[in-house]
Amino acid sequence: MIGLAHYLVLAAILFCVGLLGAIAKKNAIAVFMGVELMLNSVNLNLVAFNRFLHPEFLGGQAFAIFVIVVAAAEVSVGLAIILALYRRKANTSVDDIDLLKW
Amino acid sequence: MLGVIFFYVFAAAVVVGAFAMVFTKNLVHAALFMAGTFLMIAFLYILMGADYVGAVQILVYVGAISILFVFGIMLTKRDRIEDSNRFNRYGPAATVVAILLFASIVITTLGAAIRNAPAPTGDSTIQTIANIFLSDYVLAFEFAGILLLSALVGAIVIGQGQLKRTTKLRPAAGGGVQGGGGALGGGAGVGLGQSTKGGDK
Amino acid sequence: MITLAILLTIAPIAAYVLIVAFAQRWKALSAGIAIVATGGSLVISLYLLIAMIGNPTPVHDAMQWLRIPHIGGFRGLEIVAGVLVDPLSALMATIVSLVAFLVMVYSVGYMKGDEGFSRYFAYLSLFTFSMLGLVVSDNYFMTFVFWELVGLSSYLLIGFWRLKDAPAEASKKAFVTNRWGDFGFMVGIILLFLTFGTFDYTALAAMIPLYQHLGFLALIAVLVFTGPMGKSAQFPFHVWLPDAMEGPTPVSALIHAATMVAAGVYLVARAFVLFHAVPNVMELIAWIGGFTAIFAALIALVQKDIKRILAYSTLSQLGYMFLALGSGSMSAGMFHLTTHAFFKALLFLGAGSVIHALEQQDIFKMCGLAKKMPITTWTFVIGSLSLGGLFPLAGFWSKDEILLTALKNGQVALYWIGVITAFLTAFYMFRLIFTAFFGKEAEVHGEHAHHAHESPASMTAPLIVLAVLSVIGGLVGSPWWTQWFGGSFGTFIYFGEPEPAHIDLAVAIPATIVALLGIGLAWVIYGAKLIKHEWLAERLRPLHTLLEHKFYVDEFYAFVFKWVMLLLGRILDWIDHRVIDGAFDGLGSATRAGGGKLRLIQSGKLQSYALVIFGAVALVVILLSTNLIGGFVK
Amino acid sequence: MNALHLLPGIILAPFAAALIMLFVPSTARNLIRGLALAAASCSLALAGLAMFLYDNSTKGLQFVEHIGWLKSYGISLDLGVDGLSLPLVLLTAIIFFAGVFVSWKLENRTKEFFVYTLLLVGGVFGVFMSTDLLVLFMFIEIAVIPKYVLILVWGSTRKDYAAMKYTLYLLSGSALAFVGLFAIYAYAQNPQLGLGYGTFALSDLGRINFDPQFQKWAFLVLLVGFGVLVPIFPLHRWTPDGHSAAPTTISMLLAGVIMKLGGYAIIRVGLGFFPEGAAYWAPVVAILATINVLYIAFVALVQKDMKFVVANSSISHMGFVLLGIASMNAVSVSGAAAQMFAHGIMAALFFALVGQVYDKAHTRMIADFGGLAKYMPRTSAAFLVVGLASLGLPGLFNFVPEFSVFVGGMQRFPVLTAVSIFSVVVTAIYVLWVYQRVFFGPANPRWEGLVDMKGVEVVPVVLLGGILLVLGIMPGGFMNIVSGGIAPIVQRLASVSTGGIF
């Protein structure tokens with residue numbers, strides 16, 4: 001029987017792959033995709049917890065929807081930033097963006 | 001029994017999609033794999049009875065976000081797209097950290113005593129979610145709206161580059177082109193034109 | 001009586017303040033004020049002396065100056081400012097004010113053209129004040145205070161012509177050498193106070209003889225004696241006196257002949273009970289005195305500068321005084337101090353008038369002054385005869401006393417040193433007289449010689465007074481004086497029991513013969529020129545150069561100062577800058593360097609931050625899961 | 001008697017003047033100088049009055065003021081002076097009064113200069129007057145900080161290095177001392193050992209007898225913390241740079257007063273609260289003091305810059321204070337307290353004169369000078385007086401405290417004191433050597449145009465020189481006040497049994 005553990009493991013896999021994508025990728029958009037993946041794994045967790053721990057109260061799913069909303073907003077702004085970045089530096093490799101260097 | 005099969009199929013698809021997204025060379029393929037993964041996740045939601053969330057997932061992630069990504073890739077396309085999804089210096093270290101993190105999450109989850117609740121009644125969840133949104137989380141709901149609006153405006157402003165500014169602010173050096181830009185649309189065009197020209201400098 | 005003694009000291013300091021505050025511009029007025037003040041002190045001291053001769057009971061009064069209470073097991077500090085008038089201090093006060101008065105009168109003529117005229121008289125009054133203060137003070141602390149003030153005024157007077165290098169150097173040298181002596185003196189006083197609880201002479205005089213462990217007392221005595229050694233320029237500390245001749249000659253007459261250098265002798269006399277209680281320290285004093293006497297006399301043989309010869313002669317005579325004190329007779333020492341004050345002041349003032357006339361100090365460039373400057377010459381001759389110790393004159397009586405005490409106390413070696421020094425003294429004094437005063441005009445090509453003229457009355461009058469004193473001054477210690485006045489110098493100032501004056505032919509005859517021999521030898525070489533002194537010098541070349549360079553003591557001190565003090569200073573300065581500063585500044589630069597290294601972590605790469613964060617998360621979770629640090633799992 | 005509120009008057013005068021001065025336009029230089037002079041003379045008058053009204057018979061604090069501040073923590077702005085602190089208050093007032101005259105001709109940003117100086121002086125008054133430990137510390141900080149700005153802006157040789165070094169040394173010192181402060185506070189709080197309630201009032205804290213073990217390290221912490229101010233041997237490097245970089249008035253205040261903060265605090269807190277601790281560390285302090293005195297005297301011998309010589313001589317003289325404190329008996333501690341006053345006056349006069357020569361000749365290198373007495377007779381006379389005071393000539397006030405420190409020291413550490421007395425010779429050598437090379441000898445034509453001091457410049461010299469002379473001749477009254485002040489502290493020291501560290 002599929003239990004909460006299965007979903008959690010799946011979400012963990014998703015999260016770690018997303019993390020790998022976010023940290024190890026050179027291209028800004030690839031990093032961004034990694035982040036999206038991590039967000040999705042979180043959503044999966046939320047919905048799984050809601051389904052397996054308190055099916056009667058759908059707070060988890062509501063939360064998941066809010067995450068999706070935020071993710072959507074984030075993607076739009078994120079891509080806009082990458083676009084502006086590209087216009088300035090003519091490439092989107094994350095290593096060149098190090099203005100934060102002290 | 002059917003559910004178990006569905007779960008494993010979808011789960012496998014999700015995992016394969018995720019790995020494919022990360023390890024393909026071509027960025028566009030990665031985007032498409034991402035879309036596929038989101039779709040499979042949507043099906044998992046539906047499997048768990050969260051039909052509304054699954055629908056929203058398909059609508060937003062698969063429908064909108066993946067497409068936006070493809071837009072993003074196309075707008076910032078450099079020379080060879082086949083090889084645009086390479087790893088940087090932190091590759092090996094990142095994999096080690098990812099594996100360690102995965103191991104630690106799994107150790108903790110397996111250790112925890114989880115009591116699985118019985119399957120839900122099966123009726124649609126939209127009704128209850130709507131009630132929750134407009135009763136407990138009404139505030140969050142409104143803010144979500146505001147958030148989306150501000151993201152919208154933000155994306156436009158950042159995405160389209162500099163608004164047309166009066167020449168006084170900008171120093172003469174090389175500013176000729178920006179200064180001459182026309183209205184909002186022109187600005188975007190100029191932004192684009194300037195970028196490609198900038199490329200071959 | 002006490003108010004008079006206080007007035008005695010106040011007069012000169014009042015003169016000093018008046019001159020410095022108001023009379024700076026009017027030269028005559030400032031000289032006048034100084035002379036009147038010192039004259040007043042002279043009259044008072046004479047009155048005190050006569051009163052003391054009347055009844056020699058000491059008069060003592062004091063007021064509290066400083067008191068720190070006695071708390072816990074440690075002794076408090078009780079300092080009293082008092083005045084003690086007794087035969088010894090009355091005599092010294094008279095000598096000081098008399099010679100000071102005469103020198104001031106003399107200086108009016110001598111310093112006529114000098115622009116610092118009033119400043120000179122101010123300093124002289126300051127000196128007289130501190131010297132009189134030293135003489136009448138009743139405890140070690142006050143003596144030390146005035147001791148330093150005397151050192152200060154000698155510093156000011158030696159360096160009077162301060163815009164010339166030599167006086168500036170000499171004044172500093174004088175003060176610093178005195179300071180070396182005062183260092184020992186101060187430690188001695190403090191130890192004395194800590195063991196006996198008081199500085200007062202009379203109280204200490206009662207307590208010291210009862211004190212048991214002589215070793216510690218010897219240490220105190222030696223330490224206290226370093227003060228007089230510094231002030232009276234005894235052997236290790238003598239280097240400053242010859243250089244002090246850079247000051248004006250009346251100053252040398254007053255300070256470096258009669259009074260200041262005698263302060264050391266006075267202190268030993270005043271604190272005689274301390275030295276008397278420790279026999280081997282007395283021995284030490286005697287030997288230091290003896291050695292300095294013969295040491296200085298030898299150097300004086302080859303000196304060319306008239307004032308240097310007199311300076312070394314003073315050194316030698318001071319040696320005599322300490323020899324007398326060391327061999328046990330306080331009155332002999334003081335008697336010689338008195339007579340020496342008269343004839344040495346006379347000699348210096350005589351030399352001053354010669355220098356004033358010829359602007360020249362080298363005796364080989366002077367000649368035939370006898371005809372041009374009769375008074376100066378004859379007074380100078382009387383002074384030299386008295387110094388040499390010939391029969392009727394003062395020197396004879398005092399030197400005879402010293403040799404007698406040395407012989408009587410079994411110091412035979414010192415007696416012979418005394419006799420040899422007497423011979424040398426007679427020789428170098430008459431070497432000076434024959435070359436400077438009685439040389440023929442022909443030999444000397446110096447053009448100064450012919451326009452020498454006798455000094456004005458204001459300068460010759462003191463010479464005559466001092467000459468008279470040098471003649472009759474000695475009679476005070478002669479047996480006739482006891483017949484006429486029923487008491488001699490020995491019965492007036494003595495330690496323990498009085499020492500009546502008497503002639504001991506066994507000592508007097510040889511001393512006189514030796515003196516005559518010295519004069520004869522001087523006449524042979526310098527008078528009749530039978531033996532050329534250059535030839536003699538050539539024969540004894542090594543000895544001559546040794547003496548000329550004053551046994552290389554000055555060079556040795558300069559070497560020590562340069563290679564020990566300055567080098568040590570430089571090493572410590574180097575340590576201060578490099579080591580200590582280096583350490584603390586090093587601390588500073590180390591922090592800055594550390595900061596530089598840490599800065600590299602902020603590489604600006606977002607992904608490196610993310611990597612570190614998640615790495616840390618993973619690590620923590622793993623650590624927590626194993627019970628390495630008390631994990632939470634199971 | 002304290003109806004006159006003397007102490008608040010003294011302390012508020014500088015602070016009020018600083019406040020008013022902020023509103024004065026910086027171009028009105030004379031008004032600024034007038035204001036500063038008014039504040040200085042007001043503090044001086046009140047301090048003089050306090051000194052006059054102070055009656056030596058009653059023990060303990062006088063002119064006591066109690067102004068509550070943080071009741072819950074037991075901190076209150078209590079003011080009060082006794083024989084130990086009143087002379088130092090008078091010293092600060094005198095030096096500030098002289099300092100105002102010395103910086104009378106300052107053109108470069110006078111307003112800020114005087115505002116900071118007034119703050120500094122107010123802080124120092126606060127330190128000497130407050131009978132509350134924390135307020136005392138606070139005022140030490142108030143006194144130290146403005147000096148950084150003063151040295152940085154108006155300084156001379158290597159001023160930024162010196163300013164930073166000075167501030168780092170002193171702040172790290174006081175930071176360390178804070179450890180001691182809070183240890184005392186905590187100790188006072190715990191009911192069995194201490195008083196049971198947290199307080200900073202010196203009088204209450206004085207009642208606790210701390211256990212010897214605690215005293216040992218607490219005294220060490222305070223010694224090192226305040227030793228930096230005094231300066232004690234290894235921590236003295238800030239003084240030569242700090243002094244020579246500071247402008248004249250500030251080096252007068254620095255040498256005259258800031259160094260005394262450390263000495264005062266060590267006596268008041270160190271000896272006052274931790275007799276056993278002091279006894280334990282006394283030999284170490286005595287050895288460091290001897291090094292302070294002799295080592296630095298030799299260093300001063302080879303300095304090429306006049307101000308460095310004077311700065312080093314200040315360290316060497318403060319060594320006597322430490323020796324006095326280490327010997328822990330009535331004579332030596334009152335000698336140390338009086339030496340702080342005497343050295344303050346002497347150092348201030350010394351720096352004023354060096355400053356005068358520097359302002360006119362624009363160089364302080366001894367080699368450049370020669371025969372200055374011809375052009376500046378009065379300055380050279382004053383320089384001689386203060387030089388003689390520094391080498392401890394009797395008749396000037398510095399000799400008396402030094403002598404009592406020696407007498408006191410000889411009873412506890414005979415050999416060390418004898419070595420310290422030898423420094424008197426080395427001091428004489430370097431003082432007179434400098435004096436000879438600068439003022440005597442053939443007149444150097446380069447200094448033809450130098451004009452002697454007149455008018456405003458004479459006032460500080462006469463004031464400070466006069467005090468040295470008058471107290472030198474009649475020190476009785478002053479010393480009674482000082483020894484009266486330290487009697488209670490020494491009373492407690494007398495009952496100490498523990499031996500030294502070795």
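This is a predicted model: local features need pLDDT of at least 70, side-chain atom pairs count only at pLDDT 80 or more; totals for chains, interfaces and linings use all residues.

Colleague: Which chains share the most contacts?

Modeller: There are 4 pairs of chains in contact, and among these chains A and B share the most contacts. Their contact draws on 77 residues from chain B and 63 residues from chain A.

Colleague: Which helix gives the largest share of the side of chain B that touches chain A?

Modeller: That is α3(B), with 13 residues. Several helices of chain B, including α1 (2-23), α2 (27-47), α4 (91-111) and α6 (138-159), each supply at least two residues of that side. Sorted by class, the side of chain B that touches chain A holds 54 nonpolar, 21 polar and 2 charged residues.

Colleague: I usually think of interfaces in terms of area. Where does that come in?

Modeller: The size of an interface is often given as the accessible area lost when the parts come together. Here we work with residue contacts instead. Take chain C: 10 of its residues are in contact with 10 residues of chain A. Helix α27 (residues 606-625) of chain C provides the largest share of chain C's side, 5 residues. By class, that side has 4 nonpolar, 4 polar and 2 charged residues.

Colleague: What separates chain D from chains A and B?

Modeller: For a pair without contact, look at the closest C-alpha atoms. Chain A and chain D have no contact, and their closest C-alpha atoms lie 25 Å apart. Chain B and chain D have no contact either, with 37 Å between their closest C-alpha atoms.

Colleague: Now a single residue. Is Ile132(B) buried or exposed?

Modeller: Count the C-beta atoms around the residue; 20 or more within 10 Å make it buried. Ile132(B) is buried because 20 other C-beta atoms lie within 10 Å. Ile132(B) sits in helix α5 (residues 126-135) of chain B. Leaving out residues up to four places away in sequence, Ile132(B) touches Leu58(A), Gly59(A) and Ala62(A), as well as Tyr137(B).

Colleague: And backbone angles? What is phi of Phe551(C)?

Modeller: For Phe551(C), phi is near 55 degrees, a positive value in a residue other than glycine. Tyr552(C) also has phi near 55 degrees, again positive in a residue other than glycine. Phe551(C) lies in the loop between α25 (541-548) and α26 (553-599) of chain C, and Tyr552(C) is in the loop between α25 and α26 of chain C as well.

Colleague: Why does Tyr552(C) count as exposed?

Modeller: The cut-off for exposed is 12 or fewer C-beta neighbours. Tyr552(C) has 12 inside 10 Å, so Tyr552(C) counts as exposed. Phe551(C) has 13, so Phe551(C) counts as partly exposed.

Colleague: Last topic: at what angle do helices α3 and α20 of chain C pack?

Modeller: Read the angle and the axis distance together. Helix α3 (residues 87-110) and helix α20 (residues 457-472) of chain C pack at about 150 degrees, with axes 7 Å apart. That angle makes α3(C) roughly antiparallel to α20(C). The crossing of α3(C) past α20(C) is left-handed.

Colleague: Which residues of the two helices make the contact?

Modeller: Among them are Leu102(C), Val105(C) and Tyr106(C) of α3(C), along with Met459(C), Pro462(C) and Val465(C) of α20(C). The residues of this contact divide into 10 nonpolar, 2 polar and no charged.

Definitions and conventions
Residues are numbered from 1 along each chain as its sequence is written. Chains are lettered from A and ligands numbered from 1 in the order in which they are written. Helices (H or I, at least four residues) and strands (E, at least two) are DSSP runs, numbered from the N terminus. Two residues are in contact if their C-beta atoms, placed from the backbone, lie within 7 Å. Ala, Val, Leu, Ile, Met, Phe, Trp, Tyr, Cys and Pro count as nonpolar, Asp, Glu, Lys and Arg as charged, and the others, Gly among them, as polar. Axes are lines fitted to C-alpha atoms, for helices over the stretch in contact, and angles run from 0 to 180 degrees between N-to-C directions. Angles under 35 degrees count as roughly parallel, over 145 as roughly antiparallel, 65 to 115 as roughly perpendicular and the rest as oblique. A crossing is left-handed if the near helix is turned anticlockwise from the far one by less than a right angle, and right-handed if clockwise.
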